[in-house]
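Please look through the sequence and the 3D structure below before reading on. The report that follows takes up the interface, the confidence of the model, and then some details of each chain.

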Amino acid sequence: MKNRSSLNKPSFWEHLLFLGPASVIFLIVIIIPFCISIRYAFTDWNGVSSQAGFVGLKNFADIFTGKSDFLGAFRFTFIVAFFNVLIMNALGIVMAALLTTKIPFQNGFRVIFYLPNVIGGLILGFVWQFIFINGVPAIGKALHFAPLMTPWLGDELTAYAGIIIVSIWQGMGYVMVIMIAAMTGVSSDLTEAARIDGANARQIFFRIKLPLCMPYITLCLFWTISQAFKMFDLNYSLTKGGPYGSTVSLALNIYNDAFANNKYGLATAESLVFFGIILIITSVQMHFSRKAEEALNG
Amino acid sequence: MTTNKKKSRIIVFIIVLLLALLFVYPLFLIVLNSVKPLAQILTDPLGMPKKMQMAENYQKAFEEIDVLRVVLNTAVLTALSVAGITLLSAMTAYWTQRYPTRFSKLFETLVVLSMLIPFASLMLPLVQVMKALYINNTMFGTVLTYWGIGLAFAFFMMQSAVKGLPVELEESARIDGCSRTKVFFSVIIPLLKPTMVSVILMDMFWIWNDFIVPLIMMNNDRLMTIQLAISRLFGQYSSKWHVALPALVMTMLPIIIVFVLLQKKIMDGVIAGAVKG
């Protein structure tokens, strides 16, 4: 009898063993810091002194009126996210379509295109720093093509382009791998039936394959958006936020304000607004992926 | 019809091949220039090396960033973090699924919600907390950080794996007299192995390549990771490419080798993670 009851109800110690360590870690790393940051967001603490004055909503007012660099960082991040989403997904889908045509060495190509994704953003930033400083001008000279001969990272517009190029180079493989999985998952019965009904390759691709891959496309869209919004390593190493702070991402801006500009209170307020932005993106994502799923099942 | 098909397949192959070459060209340039003397790197970055200076360049870079130590540090940090994340996520995902209580429901909700918090929103006060616990700038504090921020995603993956496990197996083990802890370690863990492999592979690449967490949590020369060492090297040696480029090659090499060896498993894990996340 005793055996039976112990089958259904674990003891306190068993609960403690399984959930205790994780709960403590979670409390230390996530919950307490999050609560502290809410408190500091309303102060003018500089990160070092023992005193932190309560300033009410001043930090948030500074953020939204453009007195801090947050809006500039948001503009940069938004532009990068916009181009990344368009180009990375389009390229990824095209590459997936090309690689699923039963060409030889499919697997080898998949490895090559995914490769930049496993190298960290910091190292890739330094790799491309060399390419943009020395490689690109040399190529420009060899081709007699003037736009390639300028120092790309020294000008705002081309520095933007540089960061977008590198992040697409890094992330395209991810979209491609997901889309290859999606496309090979489309039942060959369906495409075969369409072929028998007289559909050509293009019709099969646009009318059958792509619509069926919609949930995966949604997934990739939001992955690319959130990757762009969380950018830190890449612009830290590639441009250091320059020229003139034009390529500072949201995360790098928080880091700079806290550790370089000694505006700890402001930085925590910025980090809360940053959290709000990510929250909105994720909520929209959940809404859309649920809709996509319903459409697929319904 | 078939010759047409063959032709179009060859054209596609050539297009893809050209794109692949273009894709790896930047990495090729890095390797190519890493064996040249500085003068030629600056004047002729595209040409073949006129004078091989591989030994000198690589030796200088090797000493400059203390490659063995930083690789070892990164490996230890990654191994401890990944092991902890995997174990903690398996335990909590299993327990909250099998023995739900009011507390476990709260735990589950908070962990899943924490996936929404970007690290940049936690990093500033986290340093304060670690200071208060006297573990700031230590390996342990950094590992603890990864356990905390890595838990949510791994928990999510484990949870969907646990949902698919048959309860009958555990029940018969329990009737045979196994304790709950024993059931977990000898029945559940083997069943969760495929998911654990996915979690390990994904988190391994994340932590190995991560820069922001060590930058903030581990300001300690003895514990320097690959990413920190490279970042410092570029601060000091910007435009001394004959040292910086070999350093880049040496630090990229381990991760590329691991990726090529485990590529099938890694990409399966990426797909599984994307679909469940």
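## Where the chains meet

How many residues of chain B are in contact with residues of chain A? The answer is that 67 residues of chain B are in contact with 68 residues of chain A, where two residues are in contact if their C-beta atoms, placed from the backbone, lie within 7 Å. On the side of chain B that touches chain A, the largest share, twelve residues, comes from helix α1 (residues 2-34) of chain B. Sorted by type, the residues of this side are 51 nonpolar, 13 polar and three charged; here Ala, Val, Leu, Ile, Met, Phe, Trp, Tyr, Cys and Pro count as nonpolar, Asp, Glu, Lys and Arg as charged, and the others, Gly among them, as polar.

## Numbering and confidence

Residues are numbered from 1 along each chain as its sequence is written, while chains are lettered from A and ligands numbered from 1 in the order in which they are written. This is a predicted model, in which local features need pLDDT of at least 70 and side-chain atom pairs count only at pLDDT 80 or more, whereas totals for chains, interfaces and linings use all residues.

The pLDDT is the predictor's confidence in each residue, from 0 to 100, and its mean for chain B is 88, with 98% of the residues of chain B reaching 70 or more. The predictor gives the complex an ipTM of 0.88 and a pTM of 0.88.

## The build of chain A

The secondary structure of chain A comes to 13 helices and zero strands, counted as DSSP runs numbered from the N terminus (helices are H or I with at least four residues, strands E with at least two). The radius of gyration of chain A is 25 Å, well over the 19 Å that the globule rule gives for 298 residues, so chain A is more spread out than a compact globule; the radius is taken over C-alpha atoms, and the rule is 2.2 Å times the number of residues to the power 0.38.

Helix α6 (residues 121-143) of chain A bends by about 40 degrees at Phe132(A), the bend being the angle between axes fitted to the seven residues ending there and the seven starting there. After α6(A) comes His144(A), with a positive phi near 55 degrees.

## One residue of chain B

Ile188(B) lies in helix α9 (residues 180-209) of chain B. Ile188(B) counts as buried because it has 21 C-beta neighbours inside 10 Å (buried means 20 or more other C-beta atoms within 10 Å of its own, exposed 12 or fewer, and partly exposed in between, with C-beta atoms placed from the backbone). Leaving aside residues up to four places away in sequence, Ile188(B) touches Tyr94(B) and Val183(B).
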